[in-house]
Amino acid sequence: MSDDKSDKNESARPAEERNLETAKDETGTGTGVEQPAPEQSPVNVPAPTGEVRAVGERRGMFGVTGTGDTSGYGGLVSATMFPTPSARPYGGWFDEVSDALEARLEATELTSAIESVVVHRGEITFHVRREDLPFVAQMLRDDEALRFEFCAGVSGVHYPEDTGRELHAVYHLTSMTHNRRIRVEVSVPDSDPHVPSLVSIYPTLDWHERETYDMFGLIFDGHPALTRVLMPDDWPGHPQRKDYPLGGIPVEYKGGSIPPPDQRRSYN
Amino acid sequence: MTTEQDFYAAPGDTSQGRVFTVTGQDWDSVTQSIGESAEERVVVNMGPQHPSTHGVLRLILELEGETVTEARCGIGYLHTGIEKNMEYRSWVQGVTFCTRMDYLSPFYNEATYVLGVERLLDIEDDIPEKAQVMRVLLMELNRMSSHLVAIATGGMEIGALTVMTIGFRERELVLDLFELITGLRMNHAFIRPGGVAQDLPPGALDEIRDFIALMKKRLPEYAALCNANPIFKGRLEGVGHLDLAGCMALGLTGPVLRSTGYAWDLRKTQPYCGYEDYDFEVQTWDTADSYGRFRIRLNEMWESLKIVEQCADRLAGLEGAPVMVGDKKIAWPSQLAIGSDGMGNSLDHIRHIMGESMEALIHHFKLVTEGFRVPAGQAYVPIESPRGELGAHVVSDGGTRPFRAHFRDPSFTNLQATSVMSEGGMVADVIVAIASIDPVMGGVDR
């Protein structure tokens with residue numbers, strides 16, 4: 001299934017690098033050697049630069065803070081890096097889909113609808129501008145070269161530290177005609193959590209959009225009846241947002257007390 | 001109407017019209033009261049505790065006489081916040097949570113989550129062959145047990161009690177095999193990132209072979225009992241009709257989609273866990289109704305039996321092979337063995353980590369307390385569950401716990417078809433239509 005399958009001994013190398021090499025191999029310009037030359041070995045090559053998408057940071061190492069932290073790692077700050085946007089060629093049928101999509105977008109002068117394309121672990125993600133989502137989805141469904149006629153639903157993700165694009169709506173589309181699967185992702189700020197509804201294009205999204213609204217507070221404009229679907233109608237808040245506590249009470253047993261899971265010491 | 005007061009649904013008048021609380025044996029008084037009013041339209045709440053709504057599903061039916069004019073589902077009664085809870089546990093512990101979602105197909109929940117985690121870890125190619133074969137074996141056994149329940153409860157709901165009793169009789173055999181292999185009848189948490197929790201126990205292959213031989217005798221009983229049964233056909237044929245266009249629009253997969261004649265099965269179209277190496281056929285029917293879905297489930301059990309047989313043959317040649325990935329930074333360290341006080345860590349393993357290898361002790365400690373880190377990114381690896389496309393959208397921020405795990409459960413999506421399948425039909429057919437979707441509320445509400 002994965003397009004960037006590489007040798008087992010390369011599994012420690014960054015994904016982008018392997019993508020590039022796979023792509024080179026497929027275009028026939030790569031050498032395809034098993035072992036890279038010493039100066040090109042993974043340890044000697046700096047991480048590929050480019051637009052790095054940090055969506056948060058992690059502090060310390062062992063989940064302890066303050067004076068209790070004697071590890072010496074308390075001040076460590078490591079950024080949470082998500083896979084960076086990929087450059088052409090993406091490899092395999094990814095390019096066919098992107099070509100078809102871009103050709104259609106250019107014909108309608110909507111060239112900036114696709115913000116970026118990420119190829120990671122053999123899956124392709126199109127980050128789409130919010131206002132162009134219905135048009136892009138309609139095209140993905142109807143265009144002969146694309147034909148993504150099946151939508152597996154929408155999944156919300158809350159990145160509280162991804163400033164200006166805290167809430168993401170992630171759609172998984174399948175083309176049964178061509179046997180392909182892509183991911184379409186829309187990011188909106190928490191202060192303006194509106195996403196155009198796709199129910200008129202994929203009726204299956206009816207309950208999925210209600211669930212995402214229920215759990216994340218994403219408002220799908222144009223949905224026929226955007227109400228809660230899993231939580232009670234009068235429930236306050238949106239439970240799967242990161243700022244919503246898990247809840248729970250300490251459990252006491254034989255004099256000892258175990259705090260609820262979200263308040264236990266955990267590794268970070 | 002009873003004289004007792006019902007504090008939850010007191011009879012009386014609301015702005016929506018008169019409210020009746022039906023408690024059984026009181027139909028005459030209800031119809032008398034309705035007869036007094038001019039309106040024929042009745043809104044009936046079926047469930048959430050009705051025995052033929054497959055668990056805590058609430059149906060809101062608008063009736064004219066016995067004809068359903070509108071049908072809506074009320075769900076969420078079994079919402080347990082499993083996805084949220086998984087964000088507070090390690091990647092391995094996540095399996096323990098998601099196995100409880102769709103409780104009739106636990107191995108599928110585990111498998112789709114684990115495949116997503118393995119893709120993010122980039123160890124998809126490193127999973128040992130034996131682990132893959134055992135996953136397929138368990139999943140196909142699970143498909144049989146799940147279809148058996150679908151047929152059994154579906155039969156019970158239309159009054160065919162024998163179908164129920166024999167369905168659960170055979171399911172019990174499958175659960176016995178699960179218990180033998182994993183130690184539990186359900187909630188196994190057996191498929192782990194990197195492989196499976198432990199090797200096949202001694203004698204398991206013989207039990208599986210006995211089971212296959214027995215099922216070859218038992219499965220024809222279902223066909224003899226139901227396939228040409230005039231009452232069974234009368235209740236199922238033409239009921240819950242949904243054509244291919246409807247399935248595509250509403251995102252239906254699994255037996256409902258295949259009952260329209262479209263052979264879409266992820267095991268064939270996008271193979272995972274080595275399904276491309278097994279010989280089996282995708283079952284379809286062309287009637288797009290409940291009867292077709294019943295026949296597909298019956299035929300799929302035969303195909304699953306074929307796959308189980310091939311798995312047993314392959315496992316016979318893989319004795320002693322590893323069932324967990326070789327990377328000691330990912331592989332769950334405990335080696336279970338039966339001791340004098342039950343199952344626990346094997347003494348050999350404890351001797352190894354306590355007396356022989358400092359590295360082994362470090363790995364054991366780190367994996368059990370902290371867990372492994374998964375590179376940042378997202379993955380979605382759907383699999384063909386007994387009910388259709390089941391996928392886990394797994395997002396990692398590079399930490400030791402899932403940043404987000406969202407399950408695309410086929411029951412949730414397929415249940416949306418309730419209204420189009422049952423509107424315009426009879427009340428009794430609503431039950432048949434829903435039974436043909438085979439929703440499991442644990443998966444719908446998660």
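## Two domains in chain B

In chain B, 7 residues of domain 1 touch 4 residues of domain 2, where two residues are in contact if their C-beta atoms, placed from the backbone, lie within 7 Å. The domain 1 side of this contact divides into 3 nonpolar, 3 polar and 1 charged residues. Here Ala, Val, Leu, Ile, Met, Phe, Trp, Tyr, Cys and Pro count as nonpolar, Asp, Glu, Lys and Arg as charged, and the others, Gly among them, as polar.

Domain 1 of chain B covers 82-324 + 372-445, and domain 2 covers 331-366; these bounds come from an automatic or database domain assignment. Taken over C-alpha atoms, the centres of the two domains are separated by 33 Å.

## About the model

This is a predicted model, in which local features need pLDDT of at least 70 and side-chain atom pairs count only at pLDDT 80 or more, while totals for chains, interfaces and linings use all residues. Residues are numbered from 1 along each chain as its sequence is written, with chains lettered from A and ligands numbered from 1 in the order in which they are written.

## Where chains A and B meet

The contact between the chains takes 43 residues from chain B and 41 residues from chain A. On the chain B side, the elements that each supply at least two residues include α4 (106-121), α9 (244-250) and β13 (404-408). Helices (H or I, at least four residues) and strands (E, at least two) are DSSP runs, numbered from the N terminus. The largest share of that side, 4 residues, comes from β12(B). By class, the chain B side has 15 nonpolar, 15 polar and 13 charged residues.

## A helix pair in chain B

Let's turn to two helices. The axes of α5 (residues 129-157) and α12 (residues 290-316) of chain B come within 9 Å and cross at roughly 155°. Because of that angle, α5(B) is roughly antiparallel to α12(B) (over 145 degrees; angles run from 0 to 180 degrees between N-to-C directions, and axes are lines fitted to C-alpha atoms, for helices over the stretch in contact).

Among the residues making this contact are L137(B) and M144(B) of α5(B), and M301(B) and V308(B) of α12(B). The contact has 13 nonpolar, 3 polar and 5 charged residues.

## A sheet in chain A

In chain A, 5 strands form an open sheet in the order β3-β4-β7-β6-β5, with mixed pairing; two strands pair if DSSP finds at least two bridges between them. The edge strands are β3 (114-120) and β5 (150-158), each pairing on one side only.

Strands β6 (residues 167-175) and β7 (residues 180-188) of chain A run antiparallel and are joined by 9 bridges. T174(A) stands opposite R181(A) in β7(A).

How values were computed:
Parallel < 35°, antiparallel > 145°, perpendicular 65-115°, else oblique.
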